[in-house]
Amino acid sequence: MEQVSAFKLPAGTQEAFQRDGAVCVRQLFSSEEVALLETGIEQNLRHPSPRAKVASRPDDPGWFFEDFCNWEDIDAYKAFIFESRVGHVAAQLMGSDTARLYHDHLLVKEANTRQRTPWHQDQPYYNVDGRQNCSMWMPIDPVARESTLEFVAGSHLGPWLMPRSFMDSQAQWFPEGTLSDLPDIEADRSAWNILGWELNPGDVVFFHMLTLHASGGVGATDVGVRSRCVSLVMTLPMHHGSGKHPRLPGTRSGTRGRGQDGTRAVPVALVQALIRGASVRMTGYLADEEANGRHRLCVIEERKSRAKPLIS
Ligand SMILES: O=C(O)CCC(=O)C(=O)O
């Protein structure tokens, strides 16, 4: 494996990420790394966790499946996360010497899935504070322009907007009226600077957790094609658990030792990479064995108790 620290992003990539809140990096990963992730995805599909869910409606001709926080159980995910360039690249984009894994997220849309992922920001759904964060969205199947993840350029510089459940638009994370609702982007797409890239295996998209994004189903121009994708969310140590929202099932509280909510210690794994003399660190949060796939709501004290740096 190459020395990951030696890798330099193409000129202008970090500037584009900071300006637009989303950037595409072509052929960041080798065919071996794509195959590694494919091995992990297929294992994940054979052995879904209790957090897995079907996001498509029963009448959808396809099938949209999601699962979360499985890197500890799936060696191929673990190898990709800890041995590839991803932590190094995330740190560069965030303007940081470190990167910490918040969670892995599997998204599989079988051929002809109509289900759209509606416009949303990620951060209001997560227990993550601060502005230095990024998510990597990596398909291992070709993605047509019509089916790709789309972003409103510059929207990461705006405020937190109301997170709602995708299926029935309920405000489950913040009380109604406490955050502004999203604008209706689909009503007049020409009013927005919408970015989106046709992608091939090895290409990836990085985006900020406040960037407004959405995606189509599969089946318009890519009939018969399934879409398998892994998304990794990364942030800085001090930003997990200090957020405005309780933690996501499957992630652990960000302190060492036993947390007030009964969680166990957070293990730390070092990625063997150096940036400007500092190590890139990615920390994974243990899977939550009692999680039942539902969002656990409103542990307000947890926010306060975690409002301190979490560097182990
Ligand atoms: O792939 C999709 O349909 C949506 C992905 C997404 O919203 C995310 O990774 O945050």
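Biologist: Before we start, what should I know about the numbering and the model?

Modeller: Residues are numbered from 1 along each chain as its sequence is written. The model is predicted, so local features need pLDDT of at least 70 and side-chain atom pairs count only at pLDDT 80 or more, while totals for chains, interfaces and linings use all residues.

Biologist: How many helices and strands does the chain have?

Modeller: Helices (H or I, at least four residues) and strands (E, at least two) are DSSP runs, numbered from the N terminus. Here the chain has 5 helices and 13 strands.

Biologist: And what is the order of the strands in the open sheet of 7?

Modeller: Two strands pair if DSSP finds at least two bridges between them. In this open sheet the order is β1-β9-β6-β11-β4-β3-β2, and the pairing is antiparallel. β1 (22-25) and β2 (53-54) each have a single partner strand and stand at the edges, so one side of each has no neighbour in the sheet.

Biologist: Can you walk me through some of those pairs?

Modeller: β1 and β9 run antiparallel and are joined by 4 bridges, and Ala 22 has Phe 207 as its bridge partner in β9. β6 and β9 pair in the antiparallel sense over 3 bridges, with Met 136 opposite Phe 206 in β9. Strand β3 (residues 64-68) pairs with strand β4 (residues 100-109) over 5 bridges, also in the antiparallel sense. There, Asp 67 stands opposite Leu 106 in β4.

Biologist: Which helix packs on this sheet?

Modeller: For contacts, the rule is that two residues touch if their C-beta atoms, placed from the backbone, lie within 7 Å. Angles run from 0 to 180 degrees between N-to-C directions, and axes are lines fitted to C-alpha atoms, for helices over the stretch in contact. Helix α4 (residues 86-94) packs on the sheet and touches β6 (133-139), β9 (204-207) and β11 (227-235). The direction of α4 makes about 135° with that of β6.

Biologist: How many residues of α4 are buried?

Modeller: A residue is buried if 20 or more other C-beta atoms lie within 10 Å of its own, exposed if 12 or fewer, and partly exposed in between, with C-beta atoms placed from the backbone. In α4, 9 of its 9 residues are buried, including Val 86, His 88 and Gln 92. Over the chain's 312 residues, 47% count as buried.

Biologist: Why does Pro 50 count as partly exposed?

Modeller: Pro 50 counts as partly exposed because it has 15 C-beta neighbours inside 10 Å. Pro 50 lies in the loop between α2 (31-46) and β2.

Biologist: What about strand β9, and which of its residues are on each side?

Modeller: In a regular strand the side chains alternate between the two faces of the sheet. In β9, Val 204 and Phe 206 are on one side, Val 205 and Phe 207 are on the other, and all are buried.

Biologist: Which residues have the most contacts inside the largest nonpolar core?

Modeller: A nonpolar core is a set of buried Ala, Val, Leu, Ile, Met, Phe, Trp, Tyr and Cys residues joined through C-beta atoms within 7 Å. The largest one has 53 residues, and Ala 90, Met 136, Val 204 and Phe 206 have the most contacts inside it. Helix α4 gives the most to this core, with 6 residues. Val 204, leaving aside neighbours within four places in sequence, is in contact with residues including Val 25, Phe 29 and Met 138.

Biologist: Which residues surround the ligand?

Modeller: A residue is near a molecule if its C-beta atom, placed from the backbone, lies within 6 Å of it. Among those around the ligand are His 105, Asp 122, Trp 137, His 213 and Cys 229. The elements giving two or more residues to this shell are β4, β6, β10 (213-215) and β11.

Biologist: What is the strand order in the open sheet of 4?

Modeller: The order is β5-β10-β7-β8, with antiparallel pairing. β5 (117-120) and β8 stand at the edges with a single partner strand each, so one side of each lacks a neighbour in the sheet. From one strand to the next, the twist averages 20°. Between β7 and β8, which run antiparallel, there are 3 bridges, and Val 152 has Ile 194 as its bridge partner in β8.
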